[in-house]
Amino acid sequence: MGHLDALTIVAKPNLRPVTAEDQKRHKLIIKLQEQLSMVEAELSGKSYKRLKWVTLPNIHGEPERIQRPVRVKQWWMKDRTGNVLFALKYGAKPIHISKDKSAIQVASTAELPAIINTLIRAVDAGELDMQLAEIKNERQFIQKKTTLKLPQKRA
């Protein structure tokens, strides 16, 4: 009897988003989880840094992979009265949660993790699909720049 016979072998499920709505939800959930990490880091007194891999030439001109910090903007701010406002965004566009209202008011920063977790569950359940579709419809189609071929000089 082989060692593999003792294991339960199953087919690996496809975990990637299938439809366009699933992809939008997935993207927004990732951004919300990042905001959650930022809030938790701020509440614990630490700084949050997201790193990405980039390939740059070293001093010898050879490509070298290094990690660089990425600037991440926080989606919350304090208003004049001391309340915390959390603005939900998709890309650079604010998501209107209800009619012309795109921010959630909270008494303090300590309440933000619960709010963000609620938003993650709402996005996963598809409660904001209509708002995400509206944002997509607002975006205009931007054509890529075509390079103009200039006539070459004849010598």
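This is a short walk through one predicted protein model, from its overall layout to a few local details.

Okay, ground rules. It's a predicted model, so local features need pLDDT of at least 70 and side-chain atom pairs count only at pLDDT 80 or more, while totals for chains, interfaces and linings use all residues. Residues are numbered from 1 along each chain as its sequence is written, and side-chain values use heavy atoms, with hydrogens and water left out.

How confident is the predictor? pLDDT is its confidence in each residue, from 0 to 100. The mean here is 86, and 87% of the residues reach 70 or more.

Now the layout. We've got three helices and seven strands; these are DSSP runs numbered from the N terminus, helices being H or I with at least four residues and strands E with at least two. Along the sequence you read α-β-β-β-β-β-β-β-α-α.

Leu4, Leu7 and Ile9 make a nonpolar surface patch of about 360 Å², with Leu7 in the segment before α1. For patches, residues need over 30% relative accessible area and no salt bridge, with like charges joined within 9 Å and nonpolar side chains (Val, Leu, Ile, Met, Phe, Trp, Tyr) within 5 Å. A salt bridge is a side-chain nitrogen of Lys or Arg within 4 Å of a carboxyl oxygen of Asp or Glu. Areas come from the Shrake-Rupley method with a 1.4 Å probe, and for residues only the protein chains shown count as cover.

Next, α1 itself. Its 24 residues reach 35 Å from first C-alpha to last, close to the 34 Å expected at 1.5 Å a residue. Its buried residues include Leu28, Ile29, Leu32 and Leu36. Buried means under 20% relative accessible area, exposed over 50%, partly exposed in between (1.4 Å probe, protein chains only). Across the protein, buried residues make up 24% of the 155. After α1 comes Gly45, with a positive phi near 85°.

Then the hairpin. Strands β1 (residues 50-57) and β2 (residues 63-70) run antiparallel, joined by eight bridges, and Thr55 stands opposite Arg65 in β2. Five residues sit between the strands, and Gly61 in this hairpin takes a positive phi near 85°.

Last one: which residue has a positive phi although it is not a glycine? That's Asp100, at about 55°, in the loop between β6 and β7. At 65% relative accessibility, Asp100 counts as exposed.

Terms used. Two strands pair if DSSP finds at least two bridges between them. pLDDT is the predictor's confidence in each residue, from 0 to 100. The expected span of a helix is 1.5 Å times one less than its number of residues.
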